[in-house]
Amino acid sequence: MTDTLIPPSTEAVVTGKQATPRVRPTRQEKKAETQDRTNLSELDRRQRSTRIGLGILNVVLIAVLAVISAGPLLWLAKAAVSTSQDILREPFGWWPSGIQWQNLVDAWFKIDIGTYLMNTVWIAVGVWFFGMLVALTGAYGLTILRPKYAKVINGAVLATLFIPGVVSLIAQYVTVLDMPLLHLNLINTFWAVWLPGAANAFNVLLVSRFFESLPRDVFEAARIDGASNVQIFWRIVLPMSKPIIGVTSLITIIGAWKEFLWPLLVLPKPDMQPLSVGLYKVTSSAEMSLLMAGMFISVILPVLLFLIFQKQFLRSAGQAGAIKG
């Protein structure tokens with residue numbers, strides 16, 4: 001009895017001694033099946049009133065989402081180039097006194113936005129560097145090296161996520177005042193923000209879940225070839241981890257950029273304060289128009305950063321959950 005080979009693109013429906021090939025459904029057929037699973041059938045969609053109603057509903061939903069998400073930013077952009085009288089008297093008016101582009105320049109020099117901005121950049125870069133160092137090396141040790149006590153440490157790291165940050169605020173501040181063993185006072189230094197910001201349990205667990213999806217056969221083959229743990233981490237793990245590095249980097253930088261309470265406590269010197277703290281300190285003395293301009297500068301930079309790298313971020317976010325072992 002001979003075996004009949006059936007191509008993988010077809011399925012055989014065997015009746016007696018004959019086999020009738022059944023071709024896989026086309027793209028149009030799959031689309032029709034998908035539409036039939038929705039609340040509206042294909043017959044309802046063919047009706048003109050239904051199509052018009054769905055179109056209006058889509059436009060309304062998109063408009064509402066645009067107003068909710070982009071409305072505050074657009075109003076801040078308008079207020080940044082308006083006079084203080086126009087902001088208070090006609091907050092939704094279209095520049096009754098004209099567009100004041102000079103507000104952006106005055107905010108940069110008069111309320112020292114440039115210094116606050118550079119401090120924010122230094123803080124974000126430092127928190128990103130030390131945060132990624134802790135997340136990548138910690139996840140590598142817990143997931144790839146897997147020591148005997150890995151489960152205990154992993155559980156301890158996970159337990160810290162259930163502790164509110166306010167609970168450990170005083171202990172953390174006392175530690176910064178007098179570093180254990182070194183006996184150093186880190187107040188009014190960027191180290192007081194960098195080091196606590198680096199210990200982020202969420203980033204460690206996020207990177208660990210990604211490392212678990214990497215094929216372990218590659219690591220075993222590298223060890224057979226004589227590669228050390230450091231070489232495996234540098235030459236194999238890091239190049240394969242670009243998606244999760246991109247996602248974690250954006251989360252870390254945005255979190256450091258908008259941090260307010262901790263920099264307010266450990267950076268009392270005005271020359272060291274970031275934008276979030278500096279703008280709060282000048283609220284009582286600066287003009288409303290200059291304050292709005294300073295807020296707009298502080299907000300627009302992260303938005304532009306995301307818009308420039310949105311393709312890379314979205315691609316990395318998709319690839320971070322697409323790799324399976």
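Analyst: A residue is buried under 20% relative accessible area, exposed over 50% and partly exposed in between, using a 1.4 Å probe and protein chains only. This is a predicted model, in which local features need pLDDT of at least 70 and side-chain atom pairs count only at pLDDT 80 or more, while totals for chains, interfaces and linings use all residues. Residues are numbered from 1 along each chain as its sequence is written, and side-chain values use heavy atoms, leaving out hydrogens and water.

User: How many helices and strands are there in the protein?

Analyst: Happy to start there. Of the 325 residues in the protein, 31% are buried. Helices (H or I, at least four residues) and strands (E, at least two) are DSSP runs numbered from the N terminus. The protein has 17 helices and two strands.

User: Is Arg146 buried, partly exposed or exposed?

Analyst: Arg146 sits in the loop between α6 (113–145) and α7. Its phi is near 55°, positive in a residue other than glycine. Most residues other than glycine have a negative phi. With a relative accessible area of 47%, Arg146 is partly exposed.

User: Leu181 has a positive phi too. Is Leu181 buried or exposed?

Analyst: Leu181 has phi of about 70° and lies in the loop between α8 (169–177) and α9 (191–198). Because its relative accessibility is 81%, Leu181 is exposed.

User: Which residues is Leu267 in contact with, leaving aside its neighbours within four places in sequence?

Analyst: Leu267 belongs to the loop between α14 (261–266) and α15 (275–281), and it is buried at 0% relative accessible area. The C-alpha atom of Val193, 74 residues away along the chain, is separated from that of Leu267 by 8.6 Å. Counting contact as heavy atoms within 4.5 Å, the partners of Leu267 are Ile123, Asn188, Thr189, Met272, Gln273, Pro274 and Val193.

User: How far apart are the end C-alpha atoms of helix α13?

Analyst: Helix α13 covers residues 242–257, which is 16 residues. The expected span is 1.5 Å times one less than the number of residues. That gives 22 Å for α13, in agreement with its end C-alpha atoms, which are apart by 22 Å.

User: What is the orientation of α13 relative to α16?

Analyst: The axes of α13 and α16 (residues 288–308) are 11 Å apart, at an angle of about 175°; they are lines fitted to C-alpha atoms, for helices over the stretch in contact, and angles run from 0 to 180 degrees between N-to-C directions. Angles under 35 degrees count as roughly parallel, 65 to 115 as roughly perpendicular, over 145 as roughly antiparallel and the rest as oblique. So α13 and α16 are roughly antiparallel.

User: Which residues of α13 and α16 make the contact?

Analyst: By class, six are nonpolar, one is polar and none is charged. Nonpolar covers Ala, Val, Leu, Ile, Met, Phe, Trp, Tyr, Cys and Pro, charged covers Asp, Glu, Lys and Arg, and the others, Gly among them, are polar. Leu250 and Trp257 are among the buried residues of α13. The contact is made by Leu250, Ile254 and Trp257 of α13 with Ser298, Leu301, Pro302 and Phe306 of α16.

User: What covers the buried residues of α12?

Analyst: Helix α12 runs over residues 229–240. Its buried residues are Ile232, Phe233, Ile236, Val237 and Leu238. Their cover includes α6, α10, α11 (216–224) and α13.
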